Amino acid sequence: MKPKYLSLNLMLCLAAGLQAQNPIIRDQFAADPTARVFNNRIYVYPSHDIPAPEGQRQDWFCMADYHVFSSDNLTDWTDHGVIVSQEQVPWGKPDGFSMWAPDCVAKDGRYYFYFPDAPRGGRGFAIGVATADSPTGPFRLEPEPIRGVSGIDPCVLLDDDGKAYIYWSGMGIRGARLKDNMTELADELQTVTLPQGGTSQAGGRQMEGLPEGFKEGPFVFKRDGWYYLTFPWVRKENGTETLAYAMSRTPLGPWDFKGIFMAEHANRCWTNHHSFVQFRGEWYLFYHHNDYSPQMDKRRSARIERVRFLPDGTIQEVRPTHRGVGLTAATSRIELDRYSAMSEDVSNAFVDSLHPFSGWYVSLPGKGRWVSYGDVDFSSLRDDSYIIARVRAMANTQLSIAVSPRGDKRKGKVVAKMPITVEAQQGTFRRDQRGQWLTLALPLSFIPKGWLQNPADRSSQNPQLRDLYDVTVTCEGEALDIDWLQFKNRPLYFTPVAADAPAAKPDEHGFIRRWQLMEPEPQEIRSNTVFTDSWLRNKFAEAQQLQKNSKRKWYALESGDYNVRLFHFAERWGKQAYGNLFCGTAVIECAEDIDGVRLAAGSNGASMWWLNDEEVLLLSGDRRMVQDDGVSPRLRLRRGRNILRFALVNGPGLSDFCVRFIDEQGNPVTGYSVSAIK
């Protein structure tokens, strides 16, 4: 049985996918991220903040287990689940909620996971070890913690000569060499006086040369012959943590303090904790921030930034970003609130403040304001593509979307523009407020693929750089909010039908797949509960008039499935994906009269069906698409041409239908052909 506190986290897991932007773990809190590379894949071992259960201090850190996450591209992250939880630790408190920053290293084919925990029946913290044959476990816990290590935040350095060193926070930052078994200190223990009085046996020694002030969370790595001791440090004048470092030519110092490489968080989040890792030739900093919990800085989330070293080996200051690192496919959601650059006054806010893991949107407060999102990979985009975007705006605002070579907005090309009119927003707002969220489909005037001509990028070791661009959205009006946008390849749910194409047959189950579909008509429908018979008859009378409008656009299409997916039709050819009135026509050609047939239909949303201008079936109410959900009275398909028409309306949900003719026994009728001539 899982412990009760895990269910609290599951209640927060609203987002299933883990994305490239910061934070990188987007369905749970993940603090103190230690990143390691094993077998050309990157693994992150964070601590796991959870809401404090009843009986625990509500304003403090609460951590009960450890997950491990991995990626091979810094963009797509896999959660491998819990690897150690507090009730499993043989020497730890089963309800201590004190499993703070961990580490994991590999030696001789085995993986050693180091973690702090509150000891059973004791005070303070101890450091435990668990071992495994895989970086994701299963891990086997050692029966006792490491003797002589009393503290938190373990870090282990494997040096080039095979020796291992462990560092931890406790009575300052301390370090010691490990034995070859990786579970014991190599040096003799010393008797030390505790701050609260009394003595204890302690291993290692305090690291010398570090600045005064509170320090914790050591992370040590080696680069070009230099050892770097990095640590969170509180400068007296501020009171919250920076990330600072010192350098040495030996693994245990003495250390030459160099300063900070990341300043205090601008919102005064109290802690920061980090790790450095080199992955495929680049250095990265993993750290945390309280992105998803701005009012409570004991719930943190993991982030990544690139790191640059100066010629003398010192670390160039790292500035936190929303964008983070990694590539985003143009065909994935581009969440512009995780911007790389923006104009003045741009801001972001939670889409749903009660459910922070639902993410943010970005606000462009006036004409000419813009936001740019970098490192978008267009290599998977096909020639026939379009954009969908979730937006809301002030009246008569227009958005403009441009694509430019990486970091050079001046060379950008506008690929789409869309006015967001009062009519598009259904008249639900006044001039002084934004309208409702809309999902719009925007045609592309230019396919941004393969036109980057920078030879340096084309000769890069990473072949994907040739199709990397920045995507910039500009507000052309009073105010514009954007949740996300996405380039989409034309759905394969439909194939265009040429005017001279031969007639088709219904499929083997009798379903009609060839249709002439009218461009969707946007509707203001907040709930499908309005779909009463009287409301629908009025709406479908309106649909009949729309079909007679010569200015309406029609599309001759073949559905790839028996289920005619109108939602995807609207995505590709409509103004919005939800809340639409659809109309369609199929021409049924019969070699002879076919008597005693029934029209059998199912629809997601309400629909009405006419055969030769006579109403034959109404599917009313809030429906889901079910095969043969409604069946007409007996009908005659007459010799020659028969016109089958439908109208379908849906609100906030999906929209699709399936339809066929059946005989008295419910068997499909297939003895006719179908064309999509209007």
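Begin by selecting strand 9 (residues 152-158) and strand 10 (residues 164-169) of this predicted model. The two strands pair in the antiparallel sense over five bridges. Within this pairing, C155 stands opposite Y167 of strand 10. In general, strands of a sheet pair through backbone hydrogen bonds.

Which strand gives the most to the lining of the largest cavity? Strand 9 does, with three residues. Select the lining, which includes T34, D153, P154, C155, F219 and H273. This cavity has a volume of about 30 Å³, and its lining residues divide into six nonpolar, three polar and one charged.

From F219, proceed to the aromatic cluster that F219 forms with F221, Y228, Y245, F261, F276, W283 and F309. Then select R223, which lies over the face of F309 at 4.0 Å from the ring centre.

The model holds 45 aromatic pairs. One of them is the tilted pair of Y45 and F113, 5.9 Å centre to centre with 45° between the planes. This pair links distant parts of the chain: Y45 lies in strand 2 and F113 in strand 6, 68 residues apart. Is Y45 buried or exposed? Y45 counts as buried because its relative accessibility is 0%, under the 20% cut-off. F113 is likewise buried, with a relative accessible area of 0%.

Finally, select Y361 and W437: their planes stand at 70°, so the pair is edge-to-face.

Technical notes. Residues are numbered from 1 along each chain as its sequence is written. This is a predicted model: local features need pLDDT of at least 70, side-chain atom pairs count only at pLDDT 80 or more; totals for chains, interfaces and linings use all residues. Side-chain values use heavy atoms; hydrogens and water are left out. On a 1 Å grid over the protein atoms alone, a cavity is a set of points where a 1.4 Å probe fits but cannot get out, and a pocket is an open set with protein on both sides within 12 Å along at least five of seven lines; lining residues have an atom within 4 Å of a point. Grid points are joined across faces, edges and corners, and a volume is the space filled by probe spheres set on the points. Helices (H or I, at least four residues) and strands (E, at least two) are DSSP runs, numbered from the N terminus. Ala, Val, Leu, Ile, Met, Phe, Trp, Tyr, Cys and Pro count as nonpolar, Asp, Glu, Lys and Arg as charged, and the others, Gly among them, as polar. Two strands pair if DSSP finds at least two bridges between them. Rings of Phe, Tyr and Trp (its six-membered ring) pair if their centres lie within 6.5 Å; planes under 30 degrees apart count as stacked, over 60 as edge-to-face and the rest as tilted. Buried means under 20% relative accessible area, exposed over 50%, partly exposed in between (1.4 Å probe, protein chains only). A charge sits over a ring if NZ of Lys or CZ of Arg is within 6 Å of the ring centre and within 35 degrees of the ring normal.
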